[in-house]
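Dear colleague,

I am handing over the structure we spoke about, and I would be glad if you could look through it with the notes below at your side. They go through one part after another, so please keep the view open as you read.

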Amino acid sequence: MTLSQFFSFKSSSIALLTALTITACGGGGGSAPPPPIPTSHVVNLSWTANREAAVNRAGGGYKVAISGQPVIDVPFPYAASGAAAVATLMSGTYSVTVTAYSAMNANTGIAASGVTSNSVPSAAFTITVPY
Amino acid sequence: MVAENSSSGMFKANQNKGYIVTSPDAASVQRVYGALGIKVLRALGNSQFEMQLQQDAGIEAVSNLALHSNGAITKVQPNYSYQAN
Amino acid sequence: MTFHTRSLISIILLSAAPTLHAAAFNAPAGSYAPSQVLVQFKPNLTSAMQSQTAQSIGAQSIQALATRSNWSIANLPAGQSVAQAVAAYANNPNVAAVQPNYIYHTMAVPNDPQYSQLWAAKNTGQTITAGTYAPTTGTAGDDMNLEAAWNVQTDCSSTIVAVIDSGVNYTSTDLAANMWNGGAAAPLHGWNFVGAGSNDPMDLNGHGTHVAGTIGAEGNNTIGVTGVCWKASIMAVRVMDATGAGTTSSVIQGIDYAITHGAKILNMSLGGQGPFDPAYSAAITRAQTSNVLVVVAAGNSNTNNDAAPTYPCSFTQPNLICVAALDQNYALANFSNFGATSVDVGAPGTNILSTWNGLHTTITDPLNAGWVFSSTTATAAAPSGWGYDLVNPNVMGDALTPTGSQWGFTKYNAGTDDRTYKTFNLAGTNTNVALLSVSAAANLINGDFLNANFKAIGGDPFTAGTNVFSGTNAKDGFILTPSPKFDISACISTTCSIGFQLTSTPTSLRDTGVAIANFRIDTVTLNSTAQNTINGTSMATPQVAGVAALVWSHNPMFTYADVANAIKDSGRPTPSLAGKTTTGKAVDAMRALSYINQPSGLSVVVH
């Protein structure tokens, strides 16, 4: 390469470099990062055991309603953990209620409209399962 | 025991069922109210006593004596009447 | 198959849509099996297709019933409610009908001969024959649903209920077996806190015995009536005397006694419209601290307790339930107090039949013959002294006009001692109680007195007799009818003399004196078989106390709050109580028994 060819090459390189727009990643005009990947978590729920005799004998139990999930039935006899349930949930936010039932009062409180329940669901409890 | 008369003072004096006073002991009650003549002094538990006076001076006078009793009498109230419903 | 034919079949299927039993969605909890529905498949559907259909809806299994009607029981999967299953089957083209598998109970009915008169337990629209409150017939179904409740629980004996009242006739054949066993310290099943007190809480009034019977007259014993509890443990705590009157001192002693001796429920069918009573309130709080439930009457003045407090109903402790009275049509009784923030529930309180303390009789005197008169000053010129008013029948007066003998126009003499008395036989057959009541109009100068006395051995009761009442300084004053009752039981004898005396000072300015009317003596002879039908929020209160005892006996781990919630939240919405009570509900015993409190204390651990 002659000196003139070099300077010509250098000029064209500089021009090429000048023509290049250096864009920082993530700045305007770039693509969004991928969303976090949901993960599965084991969730242990527990509550104060009801004192009704009928809840604590055959025919009694609890229904645990977690938003978007099948209802978990916890029938008597209870495990050593007592008034408790285990669920596997993906990352997200869920609302949970627990309703006790007995053979005398079968309706769980998770009622279709018009069904009269004599069992009061717990106050709703929010679970946040992390990513 | 007498009836209440709504239009005059008749019979009113005999309606008095006395007072409930709160005091650590009967001796303190005697000390504060003895001069009025205590007709009935009955322990009710919980530092409370039923007190009926020979000469009923009224709730204000009885309360006033309690106020100046240096803590011997901490509460005074009328002994209210109740009836079967 | 052509399109049209296919379409026709579709139409047939749609028009033969399964019967959706609307009752399923209105059926109360507990009225059907929780994990089953009954399904009637279309005719000619094979067993395999029936199974397939049920499986497609998630059934764990189906079992054909041994009937000709093509019904099967479908057992639901976990998490599927009956309502959801009914909806799912109803939308399936292979299903002709679907419904819950309803539960039927034998209704427990006691064999007590007067049971049919207990409309509070079972209202069939029956006439209450001894009823005095109109209407004496009512609406079938307006009752406390006790027969269904008795299928679950009849024995309340594990829960001591204290009847804090005028005492209890513990000898009643319908109460004796259900009285609390107080052991050697309380051999008569409780205590008496009236006056100086004693270990004998015998009821000399009747009110407390009636209350006790409503709670726990022995049920199914072929005698008399039944209480809400067939078996019970009733503690008799006497705080009101023979006239039905009590005081703060007697009541708070009664409350403390009941708590100390193991009562879990206190029934107080009493009230006063005085100001806030701190000592009484503190006693209720002591009950709360001891996990004791207190059930009280709203009052019988047809007033709003929110505006004009009546205690104990208007106390605000959370362990207190205040009860209004309902009639046989579940209307608010016309005498019942109410209060949107102070009265909690309603219960039957009119024409209530229950146990009583004995035979009550009344002696009335026409005040026109047989009285002995004397005066220390009467002369022809200055007449004074008692006499029969000849213008107003059945009135005795002092002084009377010289001509015409009329009261109200002639002044009594100064310095006079005018007496009148009459002798009565009050002994009867084992008379235990005698109560005097009179009406009196009085115009007396201050210092001039009207006295009433009695003397059991007869003769002038103002000579070594016993004073009943005294009064002075009256102008147009009346002891109104019905007058208060004065206990003259100490005069029970064959020769009880009762009299009236007017005395005046020597310098009296004088007035027209006193007229006596409506002279009456009520007597009580205690017995073990008496019954009575009466009205009041006093009668509604023990209905609720009895239900509380059923609930607590069924659930021994309950707190007072659990019991109160079960009673108040589960009741039956009743229009006449809306806006008049905190709950708007009438107590329902079965719903209270089946009520389940809200779970609490939820916690979570995310791993």
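For the helix packing described first, the axes are lines fitted to C-alpha atoms over the stretch in contact, and the angles run from 0 to 180 degrees between N-to-C directions. Please bear in mind throughout that this is a predicted model.

With that in hand, helix 5 (residues 207–216) of chain C and helix 8 (residues 537–554) of chain C have axes 8 Å apart and pack at an angle of about 35°, and the crossing in which helix 5 of chain C passes helix 8 of chain C is right-handed. On the side of helix 5 of chain C, the residues that meet helix 8 of chain C include C:H207, C:H210 and C:V211, while helix 8 of chain C contributes residues including C:S538, C:M539 and C:P542. Sorted by class, this contact of helix 5 with helix 8 of chain C holds 6 nonpolar and 7 polar residues, with no charged residues.

Elsewhere in chain C, C:A298 sits in the loop between strand 12 (293–297) and strand 13 (320–326) of chain C. By contrast, C:A217, which is 81 residues from C:A298 in sequence, lies 23 Å from C:A298 in space, C-alpha to C-alpha.

Turning to chain B, you will find 2 helices and 5 strands, which follow the pattern β-α-β-β-α-β-β when read along the sequence. Chain B has 85 residues, of which 32% count as buried, and among its contacts between residues at least 6 apart in sequence, 48% join residues at least 24 apart. In helix 1 (residues 26–33) of chain B, the buried residues are B:V29, B:V32 and B:Y33; seen down the axis of helix 1 of chain B, these buried residues fall within an arc of 75°, so they line one face of the helix. The cover over the buried residues of helix 1 of chain B includes strand 1 (19–22), strand 2 (38–45), strand 3 (48–53) and helix 2 (59–67) of chain B.

The chains also meet one another, and where chain B and chain C touch, 25 residues of chain B are in contact with 45 residues of chain C. Among the elements that give two or more residues to the chain C side are helix 6 (248–260), helix 7 (278–289) and strand 21 (433–455) of chain C, but the largest share, 11 residues, comes from strand 22 of chain C. By class, that side of chain C has 16 nonpolar, 24 polar and 5 charged residues. Strand 5 (residues 81–84) of chain B also pairs with strand 11 of chain C in the antiparallel sense over 2 bridges, and B:A84 has C:L270 in strand 11 of chain C as its bridge partner.

Finally, strand 1 (residues 40–48) of chain A runs antiparallel to strand 29 of chain C, and 5 bridges join the two, with C:V605 in strand 29 of chain C as the bridge partner of A:N44. Of the 7 residues of strand 29 (residues 600–606) of chain C, the number buried is 0, so this strand lies largely in the open.

With best wishes

Note on methods: Residues numbered from 1 in each chain as written. Chains lettered and ligands numbered in written order. Predicted model: local features only at pLDDT ≥ 70, side-chain atom pairs only at ≥ 80, totals over all residues. Helix = DSSP H or I, 4+ residues; strand = E, 2+ residues; numbered from the N terminus. Buried ≥ 20, exposed ≤ 12 C-beta atoms within 10 Å, placed from the backbone. Contact = placed C-beta atoms within 7 Å. Pairing = 2+ DSSP bridges. Left-handed = near helix turned anticlockwise from the far one by under 90°. Nonpolar A, V, L, I, M, F, W, Y, C, P; charged D, E, K, R; others polar. Arc of directions from axis to C-beta.
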